[in-house]
Amino acid sequence: MLRKPIAFLKKDFLMESSYGMAFLFNFFGIFVSILGYFFIDRLFGSRITPHLEEFGVNYFSYVLVSMAFFGYVGVGLGSFSDRIRGEQMQGTLEAVLVTPTKISTILLSLTLWNLVLATIDMAIYILLAVFLFKVNFAHTNILSTIVVFILTILSFGCLGIISACFIMIFKRGNPFGWIVSSLEGLISGVYFPITVLPSWLQLLAQFLPITYAIRAIEFSVYKGYTLVQLYKEIGFLLLFIIVLLPISLCLFKYSINKARREGSLAQY
Amino acid sequence: METILEVNGVTKDFSPAFSLSGLLSSGLRRPSATRALDGLSLTLTKGSTLGILGPNGAGKTTLLKIISTLILPDKGSVKVNGQILGENDERIKASVGLATSGERSFYWRLSGRQNLDFFAAMYSLGKKQAAERIKELLELFGVTYQDKRFDSYSTGMQQKFALMRALIHDPEILLLDEPTKSLDYASSLELRNFIKDVLVKKHGKTVIFTTHHMDEAIDFGGIFMILHEGKLFAYGTLEELRAETNLPTASLGEIFVRLTGGAK
């Protein structure tokens, strides 16, 4: 059952590790990014901290967790379409699709490596935060944090599958990728709490799942909230999954069959 | 003899991909579709060799991709090894091995063996079973460079790996799209003999191949199918084609030119 996902994971590891410098630059990228927010905190932190009273942390601690967490959201949202486009451009998608492997297995297996990378990134964030910047994670509720992680991956995975449908049909043009990289990053509380936004943008943010995911993760990491205390955020993420999972899988099956009818599976 | 492939009235049209420049150049009219296959029907029995001949754009590759489930026909039906296309695609995939001439269908930064390992897993071969099968295929094809990176292989070697991949799950039907396209004469001859003597005669595989080379088709033997503009122009053994065209001494090439009007 796990032979195929493991084969994908092994293949992706072998391919990624053949680019030796990528790992190193990824580490430095995270370090530089954290350092940037550390100095922003020193400059403007005192002005933002009052907005973070409900989380009980300073700006640097807040943005560190949300940035690390946002990497996971990116996996859920971007990896499906990115990996499918990657396989199309390499010319290997048809070779994989001609094997008796279920589309759902291919889709999930393609994202596994991105998930592993995001976890490594997360570990780097945490290690740097604890040992270099002395951020305190003593109150973290591990169970709540894990549950929020899983729900976030699943809910954004649904959007990711829909965005992969766009790639299968239109080859380029991914509206969901644009939404997460710009709109959601801006108004959902990743870089700053949403209370600093104008009231109409705060209202809009209430309709985005990432807003609830970020709040849930900050509360579980810094305030140690239990699952019961996070019922509103978890409920919203669950609702999102229940509605979007069947829709996204049906849409993906439709897009694959459309590409098969058009003979465009391998086109990019 | 047991029927392994039934193609009934298959038609396939390809619409040009949407593009702004295409729309403007066609005066905002929807560009017309290209007919790749036009009401094609054929039946093939187990253990046969079918050579699909036709000029560029005749629909040869489209037919192979339909049989391998990569493309769905617009009209008509296809039954492969008793399974209906569009209903039991997973089973069709398990009984078909496709080798295209596009060497880009491998992971270039992996070695040949790592590629075969990956695809063996995709065909649900267990670890031990995969290792044994890969060893067997490497010996069969006389390949000793399996641990070098795929992009370092010669085109001929890449073609051998494409064939090994198509055979890794021991399929009933082998679909070969221009199998000797990039091979030198000696390698091409070796491969043809391997397909004829080992795959067809010894293991009873059904082989369907496309080619532009009449000599090669004759060497493979079996049944020939001449496609032109998606239509079936002739189907049968060389003797049957000669009888059908009233050219009792003609070569396959002469029959091809007569039927297709010398199309390239």
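1. Let's start with Glu229(B): with 17 C-beta neighbours inside 10 Å, Glu229(B) counts as partly exposed. (A residue is buried if 20 or more other C-beta atoms lie within 10 Å of its own, exposed if 12 or fewer, and partly exposed in between, with C-beta atoms placed from the backbone.) Glu229(B) is not a glycine, yet has a positive phi of about 50°. You'll find Glu229(B) in the loop between strand 9 and strand 10 of chain B. Helices (H or I, at least four residues) and strands (E, at least two) are DSSP runs, numbered from the N terminus.

2. A word on what you're looking at. This is a predicted model, where local features need pLDDT of at least 70 and side-chain atom pairs count only at pLDDT 80 or more, while totals for chains, interfaces and linings use all residues. Residues are numbered from 1 along each chain as its sequence is written, and chains are lettered from A and ligands numbered from 1 in the order in which they are written.

3. On confidence: the predictor gives the complex an ipTM of 0.88 and a pTM of 0.85. Chain B has a mean pLDDT of 89, with 92% of its residues at 70 or more; pLDDT is the predictor's confidence in each residue, from 0 to 100. Where pLDDT is low, the predicted coordinates should not be read in detail.

4. Another one to look at is Asp170(B), a residue other than glycine with a positive phi near 50°. Asp170(B) sits in the loop between helix 6 (155-167) and strand 7 (173-177) of chain B. Asp170(B) counts as partly exposed because it has 14 C-beta neighbours inside 10 Å.

5. Now helix 10 of chain B (residues 252-260), whose buried residues are Ile255(B), Phe256(B) and Leu259(B). These cover an arc of only 100° around the axis, so they end up on the same side of helix 10 of chain B; the arc is that of the directions from the helix axis to the C-beta atoms. Their cover includes strand 3 (49-53), helix 8 (214-220), strand 9 (223-228), strand 10 (231-236) and helix 9 (238-245) of chain B. Just after helix 10 of chain B comes Gly261(B), with a positive phi of about 70°.

6. Leu238(B) belongs to helix 9 of chain B. Leaving out residues up to four places away in sequence, Leu238(B) touches Phe224(B) and Leu252(B); two residues are in contact if their C-beta atoms, placed from the backbone, lie within 7 Å. Leu238(B) is partly exposed because it has 17 C-beta neighbours inside 10 Å.

7. Over to chain A, where the axes of helix 1 and helix 5 (residues 103-132) come within 8 Å and cross at roughly 40°. Axes are lines fitted to C-alpha atoms, for helices over the stretch in contact, and angles run from 0 to 180 degrees between N-to-C directions. Among the residues that meet here are Phe8(A) and Phe13(A) in helix 1 of chain A, and Leu112(A) and Trp113(A) in helix 5 of chain A. The residues of this contact divide into 8 nonpolar, 2 polar and 3 charged. (Ala, Val, Leu, Ile, Met, Phe, Trp, Tyr, Cys and Pro count as nonpolar, Asp, Glu, Lys and Arg as charged, and the others, Gly among them, as polar.)

8. Last, the contact between the chains, which takes 24 residues from chain A and 27 residues from chain B. On the side of chain A that touches chain B, helix 1 of chain A gives the largest share, 6 residues. That side divides into 9 nonpolar, 8 polar and 7 charged residues.
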